[in-house]
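Work through the exercises below with the sequence and the 3D structure open beside you. Try each task before reading its solution.

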Amino acid sequence: SKLERNYHVFYQFMKGASNEMKSKLLIDNGPDGYAFTKQGKKTIRGVDDEAEFKLLVSALTTTGFTPDEQFNLFRIIAAILHLGNIQVQSTRLDEAMLKEHITPEKVCHVLGIQVNDFTKALLRPSIRAGRDWVTQSRSAEQVVYSIEAL
């Protein structure tokens, strides 16, 4: 909703994280560059997202989160932002395929996982049927649901 805002931490992170951290996590846009943040309210009167991010980091430090643990939390936030930008389309056979591969590569880079394994799990996951493994093609709608679940 244009009158509402997604999770505040997304905006705080984009506004307050260092350029070095955002570069490592491939965050190169503001809220308008990410599907999960571009539709709603980007700013709230009286709320300074940069200052709120500093308070968040201070609170994490106070509660004993190490710098590595904090970075890993921000990796998850960045991965979620990138996940929202994955675009899926249907083939003639109503099977899902990715519209482009740059965004899934960003997700995988941020999470430290293999892009081939990730896309295979999204588009054509293997499931156990009795004693055998069966590969199941997904529709674009099913893949979008899986991305949103992640």
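**Exercise 1. Find what Gln12 touches, not counting residues up to four places away in sequence, and decide whether Gln12 is buried.**

Step 1. Locate the residue: Gln12 lies in helix H1. Helices (H or I, at least four residues) and strands (E, at least two) are DSSP runs, numbered from the N terminus.

Step 2. List the partners. Gln12 touches Ala17, Asp49, Glu52, Phe53 and Leu56 once residues up to four places away in sequence are set aside. Contact means heavy atoms within 4.5 Å.

Step 3. Classify the residue. Buried means under 20% relative accessible area, exposed over 50%, and partly exposed in between (1.4 Å probe, protein chains only). Gln12 has 12% relative accessibility, so Gln12 counts as buried.

A note on the basis of these solutions: the model is predicted, so local features need pLDDT of at least 70 and side-chain atom pairs count only at pLDDT 80 or more, while totals for chains, interfaces and linings use all residues. Residues are numbered from 1 along each chain as its sequence is written, and side-chain values use heavy atoms, with hydrogens and water left out.

**Exercise 2. Describe the order of helices and strands in the protein.**

Step 1. Count the elements: the protein has seven helices and four strands.

Step 2. Read them from the N terminus on: α-α-α-α-β-β-α-α-β-β-α.

Step 3. Taken along the principal axes, the C-alpha atoms fill a box of roughly 55 × 35 × 25 Å. Of the 150 residues, 31% are buried.

Step 4. Look at the contacts between residues at least 6 apart in sequence: 57% of them join residues at least 24 apart.

**Exercise 3. Check the length of H4 and find what covers its buried residues.**

Step 1. Work out the expected span, which is 1.5 Å times one less than the number of residues in the helix. For the 17 residues of H4 this gives 24 Å, and the end C-alpha atoms are 24 Å apart, so the two values agree.

Step 2. List the buried residues of H4: Gln70, Phe74, Ile77, Ala78, Ala79, Leu81, His82 and Leu83.

Step 3. Name the cover. It includes helix H1 (8-16), helix H2 (19-24), helix H3 (49-62), H5, H6 and helix H7 (140-149).

**Exercise 4. Which residues of helix H5 are buried, and where do they lie around the axis?**

Step 1. In helix H5 (residues 102-111), the buried residues are Thr103, Pro104, Val107, Cys108 and Val110.

Step 2. These residues cover an arc of only 165 degrees around the axis, which puts them on the same side of H5. The arc is that of the directions from the helix axis to the C-beta atoms.

Step 3. Turn to the face away from the buried side: it carries the exposed residues Ile102 and His109.

Step 4. Find the packing partners. The buried residues of H5 pack against helix H4 (67-83), strand S2 (96-98) and helix H6 (115-123).

Step 5. Look past the end of the helix. H5 is followed by Gly112, whose phi is positive, near 70 degrees.

**Exercise 5. Examine Pro104 in helix H5.**

Step 1. Pro104 has a relative accessible area of 1%, so Pro104 is buried.

Step 2. Leaving aside neighbours within four places in sequence, Pro104 is in contact with Ile86, Leu98, Val115, Phe118 and Thr119.

Step 3. Compare positions with His82, which is 22 residues away along the chain: the two C-alpha atoms are separated by 7.7 Å.

**Exercise 6. Describe Ala35 and Asp132 in terms of accessible area and C-alpha separation.**

Step 1. Ala35 is in the loop between H2 and H3. With a relative accessible area of 28%, Ala35 is partly exposed.

Step 2. The C-alpha atoms of Ala35 and Asn85 are 50 residues apart along the chain and separated by 5.6 Å. Ala35 is in contact with Gly84 and Asn85, leaving aside neighbours within four places in sequence.

Step 3. Asp132 is found in strand S4 (residues 132-135). Its relative accessible area is 52%, so Asp132 is exposed.

Step 4. Asp132 and Ser23 are 109 residues apart along the chain, and their C-alpha atoms are separated by 43 Å.

**Exercise 7. Which phi values do Leu26 and Asp94 have?**

Step 1. Leu26, in the loop between H2 and H3, has a positive phi of about 60 degrees although it is not a glycine.

Step 2. Asp94, in the loop between strand S1 (88-90) and S2, has a positive phi of about 65 degrees and is not a glycine either.
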